[in-house]
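Colleague: Could you go through this model with me, term by term? I would like to hear what stands behind each label.

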Amino acid sequence: MMIKEVQLSIIKMPLKSPFSTALGSVNDREGIIIKVLDEEGRTGYGEVVAFSTPWYTEETVRTSYHMLKDFLIPIVLNNPIKHPNEIKKYFDHIRGNQMAKAGIETAIWDLYAKKVDRPLWKLIDGVQSEIPSGVVVGTHEIKDALSQIDSYLQEGYKRVKVKIKPGMDYKLLKEIRNHFPTIPLMADANSSYSLDDIDLLKSLDEFELLMIEQPLAVDDIVEHSFLQKEIQTPICLDESIITYHDVKSAILLNSCKVINIKIGRVGGLSNALAIHDLCQKHQIQVWCGGMIEFGISRAHNIALSTKEGFTIPGDISASSRFWNEDIILPEVEVKHGFVKAPIQPGIGFEINTKRLQEVTTYIEKYKK
Ligand SMILES: O=C(O)CCC(=O)c1ccccc1C(=O)O
Ligand SMILES: [Mg+2]
């Protein structure tokens, strides 16, 4: 494959309602949509999931734009690519910048799957044609959280994740458990605790959570290993896992029992697949994490989630969870708690060009 053109569109869309985490709130979502075009006129789409500000990882929309324009796009325009698996080799000498790399790598996966005329999920040997869907409650307000959970359960979601932070943890989970004693429930701390909070973290064991996601520091693997020995609740790592090597370290140290795989955070679909395989080998459970994304990243997440290790419902909610109108057609729908993997080649969704244009704030094309 020769890529002859790459188009970057910065887009911006308001969320239906603000999404709060221990680290801050998101009201408007910016992102970059990447379109790659090959010499035969085929197209592929990817999405950069970095936020406007560096609150979740150090990348932002603008740092990833710079990385793409000045480093990554010239590489893909100037090298023949036989298979998307080769891209990570080309990107190896560029440190970090996982979300920028993932955006363009996933676009090329889509293009390649279209070239070989197969749905992306089949190309990567996915096995689940219907994947269980979970949802994230984006508020720390108890009353709000309870009513959101109630309506999400009515919509059929199979797992509920709530955000916790110091001061809004035990109380919130206690109320949720009083109202919903048996729902599959998990808590995401977004790295807002330390080992000084060990008694509090132990007290959460009574809620029989599926897992607690990223309780300790963003860059920690060692202290999580200590914490996992002290608490019953399985630890799931999110922010701490950026590379394949991080997963090896976490396995060696028994730092977690579960890993949240996000294609963006780990630098692309090839890395996500390698991490999935390694986790399978070591009985580490995996699920696919969300990034309050638009439909294109969601479509890539659906493909990844069809792999056999993805047995826990991921953050794969419907387009309508966050958006009044998504940028793909059809939109992602959750029926009876499941999302169907598409049958069309590539990511299997069309671009809603009218909607994409409406939300685009900046556009640029790069040619060979
Ligand atoms: O897309 C979603 O469903 C929300 C997932 C979520 O919790 C999240 C959203 C943005 C950034 C980080 C996280 C997280 O998993 O920590
Ligand atoms: Mg998380």
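Modeller: Gladly, and let me start with a definition: a polar contact is a pair of N or O atoms within 3.5 Å; within protein, one must be able to donate a hydrogen and the other to accept it, and residues adjacent in sequence count only if both atoms are side-chain atoms. This is a predicted model, in which local features need pLDDT of at least 70 and side-chain atom pairs count only at pLDDT 80 or more, while totals for chains, interfaces and linings use all residues. Residues are numbered from 1 along each chain as its sequence is written, chains are lettered from A and ligands numbered from 1 in the order in which they are written, and side-chain values use heavy atoms, with hydrogens and water left out.

Colleague: Why is helix α11 described as largely enclosed?

Modeller: In α11 (residues 295-305), 11 of the 11 residues are buried, so the helix is largely enclosed by the rest of the structure. Among them are Arg298, His300 and Asn301.

Colleague: How do you know that Asn260 is buried?

Modeller: Its relative accessibility is 0%, so Asn260 counts as buried. The residue lies in strand β10 (residues 258-261), and a polar atom of the Asn260 side chain is 3.3 Å from the backbone nitrogen of Gly289. Residues touched by Asn260 include Lys161, Glu213 and Trp287.

Colleague: What makes Gln228 buried?

Modeller: Gln228 has a relative accessible area of 7%, so it is buried. It sits in helix α8 (residues 222-230), and its side chain reaches the backbone nitrogen of Ile235 at 2.7 Å.

Colleague: Where do the domain bounds come from?

Modeller: They come from an automatic or database domain assignment. It gives domain 1 (3-117 + 350-367) and domain 2 (122-340), with C-alpha centres 23 Å apart.

Colleague: How much area do domain 1 and domain 2 bury between them?

Modeller: About 3,700 Å², 66% of it on carbon and sulfur atoms; buried area is the accessible area (1.4 Å probe) that two parts lose on being put together, summed over both. Lys16, Phe19 and Tyr56 supply 19% of the area that domain 1 buries against domain 2, more than any other three residues. Across the boundary, 44 residues of domain 1 are in contact with 47 residues of domain 2.

Colleague: Why is the pair Glu325 and Arg355 called a salt bridge?

Modeller: The term needs a side-chain nitrogen of Lys or Arg within 4 Å of a carboxyl oxygen of Asp or Glu. The closest N and O atoms of Glu325 and Arg355 are 3.9 Å apart, so the pair qualifies. Between domain 1 and domain 2 the count is one salt bridge.

Notes
Contact means heavy atoms within 4.5 Å. Helices (H or I, at least four residues) and strands (E, at least two) are DSSP runs, numbered from the N terminus. Buried means under 20% relative accessible area, exposed over 50%, partly exposed in between (1.4 Å probe, protein chains only). Lists of a residue's contacts leave out its neighbours within four places in sequence.
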